[in-house]
Amino acid sequence: MHLNISNTFNKELPKDSNTENSRREVFNATHSVVSPKKPSNPSIVHVSEEMISQIGLQLSDSKSQSFLDVFSGSKIYESTEPYAMAYAGHQFGNWAGQLGDGRAINLFEVEHQQKRWALQLKGAGETPYSRQGDGLAVLRSSIREYLCSEAMHHLGVPTTRALSLMLSGDQVLRDVMYNGNPAYEKGAIVCRVAPSFIRFGNFELFASRQDYVNLKHLVDYTIKYFYPELGKPSKETYIKFFESVASKILDMIIHWQRVGFVHGVMNTDNMSILGLTIDYGPYGWLEGFDYGWTPNTTDAQNKRYRYGNQPNIGLWNLLQLANALYPLVEEAKPFEDILNQYQEDFENKSLDMMRSKLGLDIKLKEDKYLISDLEECLLLSETDMTIFFRLLSDFKRGNSEHGVEVVKESFYVPNDIKDTVLDQWKVWFQSYDQRLEKELLKDNQRKTRMDLVNPKYVLRNYMAQLAIDAADKEDYSLVSELFELLKKPYNEQPENSKWFAKRPDWAIHKVGCSMLSCSS
């Protein structure tokens, strides 16, 4: 197995002078050198053929002993120096101070076909930033991350990727619901892949300590490798950098809203500087359309990271990044202008996104009322978001009286759709029908467009849980089946139609299907 190693982060940025792997505050450094914990009996559960080729390997390499050794953390790849990143962050709106890679160890960077990839093991042991944790991960959470990061990519959502999923052969103690009932679970390791894992919190750490020398060093490095089009470092470049990050974050969140994804832990240490979905912990997919839903047990009371609040949290997090970058610019107005533009752009992009979901090509001012009325209807009775929008593409102009029939399979309680609720739906379909009359596209053309933005298949919580339950019994076939299914989420795939279904009743209150903790 040969990789084209091209390390930059741990070569060009300052490392921790203390090489002990002990919990501590780390100063004047972007990272600490640390070696993965050797697993007792590693084995491969699944590998992504696409990502194998992306980093310059052949499929045959994934069957080699060296692949197993390196991506399980058993051996360190020659001439490389693994490390854990130092960063800080705001957690649930409160300053948390130093955080860092508590259960992630960065192996190295590779270059292939003019692309740079950083490879990172999640669950490979403790680091100086592990705090009270053991740095390990369990199969349950690892399956969720492995499947979801790849599923999100194929949905067209900016995301980190995954190369491999392995068992460590060790048992890991976890209290899954934080209720005093810990149990041993199978240990696992995911190899995560992204151009970079730098987060907002990396910048916040230096700014909070008034270490502006290293703050500038890190910003300049980030621009050099990931925003080179912005030019050489200067105050103007730093403002452009913030503007680019803000645009990427907004685009990511608009995609989340489009497919019904809820991140669950939008802390600033979980916000990628590249605008990628990062850190798949207690995430979830909207089943019943609900602006107030969050999958995170820790957030159950305040619902800070609920579906409908994600754009606002993106803005709040960007404000924290602006505060961190301010010392390099020393002017508030450029940042304020960009944050104000974010709010304006969100309104416009969100409206355009909803138009695309409804198959509206022409932009009319009154569209926002049609969309608002639809959202009211979706909240009248529990309605499956994914199924509703996918079925809506089958609606034919001039058939508003049959509109409810077209989408009836999306209702969880069909008997609710009667009387005033049914009347409200009928009124909306009449409005939608009239609006479609102003469009130039034929029904079949509209359907084609709608089906490109409204997925038929997403990684529903119960689907992931089924794969987890089977994997606990050493049956990994569902992991493979779902991995393949989610590569083509917009395709009909009639052979897989069983997955185009509402959440089953058994999953309503089952752990892992409805609510998840931060250890999920």
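Helix axes are lines fitted to C-alpha atoms over the stretch in contact, and angles between N-to-C directions run from 0 to 180 degrees. Helices (H or I, at least four residues) and strands (E, at least two) are DSSP runs, numbered from the N terminus. The structure is a predicted model, in which local features need pLDDT of at least 70 and side-chain atom pairs count only at pLDDT 80 or more, while totals for chains, interfaces and linings use all residues. Residues are numbered from 1 along each chain as its sequence is written, and side-chain values use heavy atoms, with hydrogens and water left out.

The axes of helix 8 (residues 310-329) and helix 9 come within 10 Å and cross at roughly 160°. Helix 8 and helix 9 are therefore roughly antiparallel, a label for angles over 145 degrees. In contact (heavy atoms within 4.5 Å), helix 8 contributes Pro-311, Gly-314, Leu-315, Leu-318, Leu-319, Ala-322, Leu-325, Tyr-326 and Val-329, which meet Phe-335, Leu-339, Tyr-342, Gln-343 and Phe-346 of helix 9. By class, this contact has 12 nonpolar, 2 polar and no charged residues; Ala, Val, Leu, Ile, Met, Phe, Trp, Tyr, Cys and Pro count as nonpolar, Asp, Glu, Lys and Arg as charged, and the others, Gly among them, as polar.

On a 1 Å grid over the protein atoms alone, a pocket is an open set of points with protein on both sides within 12 Å along at least five of seven lines, a cavity is a set where a 1.4 Å probe fits but cannot get out, and lining residues have an atom within 4 Å of a point. Grid points are joined across faces, edges and corners, and a volume is the space filled by probe spheres set on the points.

The second largest pocket has a volume of about 440 Å³. Of its 20 lining residues, Tyr-291, Phe-346, Ser-350, Met-354 and Glu-375 are the closest to its centre. Helix 9 (333-358) is among the elements that supply at least two lining residues, as are helix 7 (235-259), helix 10 (367-378) and helix 11 (385-392). Helix 9 gives the most, with 7 residues. The lining has 12 nonpolar, 5 polar and 3 charged residues.

The whole structure holds 5 cavities of 30 Å³ or more. About 90 Å³ of space lies in the largest cavity. Its lining comprises 13 residues, with Pro-39, Gly-123, Leu-136, Ser-168 and Asp-170 nearest its centre. Strand 9 (161-174) and strand 10 (183-194) each give two or more residues to that lining.

Technical notes
Parallel < 35°, antiparallel > 145°, perpendicular 65-115°, else oblique.
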